[in-house]
Amino acid sequence: MSAQFVRYTPDVENDDPDFDRNVQTVIEKTESYIAESVEAGGTGRALRDAHAKGYGLVRGEVEILDGLPPEYAQGIYATPGTHDALIRFSNGSPHAGADARLGAATGLALKMFDIPGPTLLADEPDTGTFDYANINGPIFFCNTVEHYLFIQELFLNAPAYFAQGRPGARRFFTEFVTGKGTLDQDNWAWDEFLAFLRLSKTPPANLLLSSYWTMGAVRHGDYIAKVRITPDPSSAAAVVRRTIDPTSTEEFFRPALQAELQERPYAFDIQVQLCTDLDRMPVEDTTVEWPEQLSPSVTVAKLRLPQQDISGPENLEKMDALSFTPWRVTAEHAPLGNIMRARKEVYRRSSIARHKLNQQPRAEPCSADEVLGT
């Protein structure tokens with residue numbers, strides 16, 4: 001059975017000679033945006049440069065399943081058992097206005113506790129925590145750090161473009177495709193632009209009814225994978241607030257999430273899709289969705305959310321103080337590809353800047369109880 005899955009080797013990633021220089025530029029722009037967001041963001045606090053608006057911090061438990069096939073029982077999934085967890089639901093936008101103006105890109109960030117082994121973060125190797133930072137789309141609209149430089153700038157300034165109506169939208173789209181005039185016509189960012197259009201058409205959905213992907217590839221022990229967190233079918237069937245109408249009210253994501261969790265528990269499946277073909281399931285091209293026909297997603301763990309009350313303002317304050325990064329993982333689950341590699345230092349530096357400006361201590365908690373109480 002194992003012969004059909006591509007084994008991980010370091011050469012599945014491409015080397016970019018300008019990687020370090022471009023990442024440093026991204027860091028500088030990100031830190032500048034975070035500093036300016038204290039005044040410009042409308043909240044009086046420094047915002048994340050993506051997923052600026054959170055919808056709730058939720059207590060959970062991850063059960064790693066027993067009896068997995070050996071190709072899936074890799075890394076942390078090789079040891080069955082349960083781990084306390086925290087989940088942050090958020091909007092993908094770098095802005096923090098009303099939901100009706102932010103779009104339907106949403107995120108699920110998961111933090112598991114008591115995970116043995118050092119993380120890949122040199123300044124906090126022994127936290128015992130393990131993060132996923134997933135988004136409600138299977139693809140991403142950027143493949144290289146060079147492209148991310150202009151895409152980041154466009155997204156941070158998107159409200160100014162779209163406030164100008166159709167002319168502003170046309171200018172946004174033109175500058176996206178052409179790299180703000182920096183790309184040769186043969187290298188225009190069509191793949192990234194088409195991926196962006198696809199993601200932008202994602203309809204608004206109750207946060208509990210969305211699936212959330214790593215988008216980029218990750219190691220899965222000896223193999224290569226993408227990870228999806230998807231609603232457990234029986235839990236999804238019990239959701240009452242199934243329709244999200246952006247025209248009915250300015251705020252709709254948090255009220256629906258809050259009400260559902262007050263009424264009943266919920267569960268997601270954590271699933272792994274192993275790579276079987278590097279041409280059709282590429283590591284470096286995040287605009288390509290990995291076909292389920294080549295390799296179906298297999299459930300390796302259950303993420304259970306008990307019935308709970310997340311309604312208080314203190315819930316949002318505790319959520320805001322936390323840090324999530326796809327690099328707070330063990331080596332067996334390392335993110336792969338240039339864009340995923342860029343997130344390591346960008347996330348770390350942006351977290352440091354935001355916590356400093358907000359005068360928040362930046363330290364990983366040891367348990368969910370430490371954050372939410374018993």
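**Overall**

I am working from a predicted model. I looked up the secondary structure first: the protein chain has 10 helices and 9 strands. Then I checked the dimensions. The C-alpha trace spans about 55 × 50 × 40 Å along its principal axes. For 374 residues, a compact globule would have a radius of gyration near 21 Å, and the chain's 20 Å agrees with that. I find 54% of the 374 residues buried. Of the contacts between residues at least 6 apart in sequence, 77% join residues at least 24 apart.

**Strand 7**

I turned to strand 7, residues 223–231. How many of its residues are buried? I count 9 of the 9, so the strand is largely enclosed by the rest of the structure.

I then went through its pairings. Strand 5 (residues 212–213) pairs with strand 7 in the antiparallel sense, over 2 bridges. There I see Trp 213 opposite Arg 228. Strand 6 (residues 218–220) is also antiparallel to strand 7, with 3 bridges. Arg 219 stands opposite Ile 224 here. Strands 6 and 7 form a hairpin with 2 residues between them. I checked the turn: Gly 221 has a positive phi of about 65°. Strand 8 (residues 266–274) pairs with strand 7 over 7 bridges, again antiparallel. I noted Phe 268 as the bridge partner of Pro 231.

**Surface and charge**

I took the surface last. The accessible area of the chain is about 16,300 Å², and 52% of it belongs to carbon and sulfur atoms. I also looked at charge. There are 36 positive and 52 negative charges, and their mean positions are 5 Å apart.

Key
Residues numbered from 1 in each chain as written. Predicted model: local features only at pLDDT ≥ 70, side-chain atom pairs only at ≥ 80, totals over all residues. Heavy atoms only, no water. Buried < 20%, exposed > 50% of the residue type's maximum accessible area, 1.4 Å probe, protein only. Helix = DSSP H or I, 4+ residues; strand = E, 2+ residues; numbered from the N terminus. Pairing = 2+ DSSP bridges. Rg over C-alpha atoms; globule rule 2.2 N^0.38 Å. Contact = heavy atoms within 4.5 Å. Areas by Shrake-Rupley, 256 points an atom, 1.4 Å probe, with all protein chains shown as cover. Lys, Arg positive; Asp, Glu negative; His and termini not counted. Charge placed at Lys NZ, Arg CZ, Asp CG, Glu CD.
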